[in-house]
Amino acid sequence: HCHSEGVLDKVERHVKFSRIETTARLVITSEADRSKAQQLLEKTEANCFVSNSLDCDKQFHFEIETAD
């Protein structure tokens, strides 16, 4: 599950995103998978073509949980 919130500001008579904060939640089946899950989330952040296309401050937060 992924959720993003953005902040719009008026810059030079144009409304633009000034900040986007994204939280990605990943549920894993085993605690042994936590390191791999972290690596995948970091790779996802680095290669996201949407966020890489935006010229603003971007904050990423990851939540990794183990399924009960």
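Me: In which sense do strand 2 and strand 3 pair, and over how many bridges?
Reply: Strands are DSSP runs of E, at least two residues, numbered from the N terminus. Two strands pair if DSSP finds at least two bridges between them. Strand 2 covers residues 14–28. Its pairing with strand 3 is parallel, over 10 bridges.

Me: What kind of model is this, and how are residues numbered?
Reply: This is a predicted model: local features need pLDDT of at least 70, side-chain atom pairs count only at pLDDT 80 or more, and totals for chains, interfaces and linings use all residues. Side-chain values use heavy atoms, without hydrogens and water, and residues are numbered from 1 along each chain as its sequence is written.

Me: Which residue of strand 3 is the bridge partner of R19?
Reply: Strands of a sheet pair through backbone hydrogen bonds. For R19, the partner in strand 3 is D57.

Me: Which strands are the edges of the sheet?
Reply: The sheet is open, with 3 strands in the order 1-2-3 and mixed pairing. An edge strand pairs on one side only. The edges are strand 1 (2–11) and strand 3 (57–66).

Me: How many disulfides are there?
Reply: A disulfide needs two cysteine sulfur atoms within 2.5 Å. The sulfur of C2 has its closest cysteine sulfur in C48, 8.0 Å away, so the two are too far apart for a bond. For C56, the nearest cysteine sulfur is also that of C48, at 11 Å. The count is 0.

Me: Is C56 buried or exposed?
Reply: Buried means under 20% relative accessible area, exposed over 50%, and partly exposed in between (1.4 Å probe, protein chains only). C56 has 15% relative accessibility, so C56 is buried.

Note on methods:
Helices (H or I, at least four residues) and strands (E, at least two) are DSSP runs, numbered from the N terminus.
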